Amino acid sequence: MNIFRILGDVSHLLAMIMLLVKIWRSKSCAGISGKSQILFAVVFTSRYLDLFTNFISIYNTVMKLVFLICAYVTVYLIYGRFRKTFDIENDSFRLEFLLIPVTGLSFLENHNSKPLEILWTFSIYLESVAILPQLFMISKTGEAETITTHYLFFLGLYRALYLANWIWRYQTENYYDQIAVVSGVVQTIFYCDFFYLYVTKVLKGKKLSLPMPV
């Protein structure tokens, strides 16, 4: 554990709670991609199956359980309680375009061929692209609510902090996980344009808007 890992976890947790609070208070999931939230639920499920086989620490176990609960509650709110407010027309990203290559890659490029290891690798690859349906939805509608942009910012910040965590671990422990680092870099790259718009618009009190696709 180091400060970057802890801050990354806090940023990640804050993003998820922020999204849940937004949906619950507004009684609406408008502007939220249900497909991205399904992918995140799949990410946590496939990654945290070791809850039943490998105890690391109380902190680790509690965080895994909280992430799982938050992910599935979010999916329930979108597709269950507030499904009438769900913008299914604009949440139209084809998930098979992500799931098929990610599944294939997890079998081809992993640390070993044990089932739990392949599932962990699958979760790392999938997390790197899970936000794409949400970004696609924003590009399709041309704008995003301020609270949604805050959620995306903290989600991107979590990945940036985890990159700093890997650098720190390499410098202090000589530890390097190529799969996690490369996937983290890919995921952070997806957020770069959004970070720029967040700083230049949202932090100045303006609404984040994008050119509408032709």
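Author: Start with α5 and α8, whose crossing is left-handed. Keep in mind that this is a predicted model.
Reader: How close do the axes of α5 and α8 come, and at what angle do they cross?
Author: They come within 7 Å and cross at roughly 15°. Helix α8 covers residues 178-200.
Reader: Parallel or antiparallel, then?
Author: Roughly parallel. Angles under 35 degrees count as roughly parallel, so α5 and α8 fall in that class.
Reader: Which residues meet there?
Author: From α5, W120, T121, I124, Y125, E127, S128 and V129. From α8, I179, A180, S183, Q187 and F190.
Reader: How do those divide into nonpolar, polar and charged?
Author: Seven are nonpolar, four are polar and one is charged.
Reader: Let me pick one, T121. Buried or exposed?
Author: Buried. The relative accessible area of T121 is 0%, and buried means under 20%, so T121 qualifies. Its place is in helix α5.
Reader: What does T121 touch, leaving out residues up to four places away in sequence?
Author: S106, E109, N110 and I179. I179 is also among the α8 residues in the contact with α5.
Reader: What about α5 and α2? How do they pack?
Author: At an angle of about 155°, with the axes 8 Å apart. Helix α2 is residues 34-47, and α5 is residues 115-129.
Reader: So parallel or antiparallel this time?
Author: Roughly antiparallel. Over 145 degrees counts as roughly antiparallel, so that is the label for α2 and α5. Their crossing is left-handed.
Reader: Which residues make the contact?
Author: On the α2 side, L39, F40, V42, V43, S46 and R47. On the α5 side, L119, W120, F122, S123, I124, L126 and E127.
Reader: How many are nonpolar, polar and charged?
Author: Nine nonpolar, two polar and two charged.
Reader: New topic, aromatics. How many pairs does the structure hold?
Author: Ten aromatic pairs. One of them is Y158 with Y162.
Reader: How are those two rings arranged?
Author: Edge-to-face. The centres are 5.2 Å apart, with 65° between the planes.
Reader: Where are Y158 and Y162 along the helix?
Author: Both are in helix α7, residues 146-173. They are four residues apart, so about one helical turn separates them.
Reader: Are they buried or exposed?
Author: Y158 is buried, and Y162 is buried too.
Reader: What about an aromatic cluster? Which residues form one?
Author: F44, Y48 and F67 form one.
Reader: How far is H150 from M18?
Author: Their C-alpha atoms are separated by 8.1 Å. Along the chain, H150 and M18 are 132 residues apart.
Reader: Now the loops. What's the phi of K27?
Author: About 55°, a positive value, although K27 is not a glycine. K27 lies in the loop between α1 and α2. It is partly exposed, with a relative accessible area of 43%.
Reader: And N174, what is its phi?
Author: Near 55°, which is positive in a residue other than glycine. N174 is found in the loop between α7 and α8.
Reader: Is N174 buried or exposed?
Author: Exposed. The relative accessible area of N174 is 63%, and exposed means over 50%.

Note on methods
Residues numbered from 1 in each chain as written. Predicted model: local features only at pLDDT ≥ 70, side-chain atom pairs only at ≥ 80, totals over all residues. Heavy atoms only, no water. Axes fitted to C-alpha atoms, helices over the stretch in contact; angles between N-to-C directions. Helix = DSSP H or I, 4+ residues; strand = E, 2+ residues; numbered from the N terminus. Parallel < 35°, antiparallel > 145°, perpendicular 65-115°, else oblique. Left-handed = near helix turned anticlockwise from the far one by under 90°. Contact = heavy atoms within 4.5 Å. Nonpolar A, V, L, I, M, F, W, Y, C, P; charged D, E, K, R; others polar. Buried < 20%, exposed > 50% of the residue type's maximum accessible area, 1.4 Å probe, protein only. Phe/Tyr/Trp six-rings, centres within 6.5 Å; stacked < 30°, edge-to-face > 60°.
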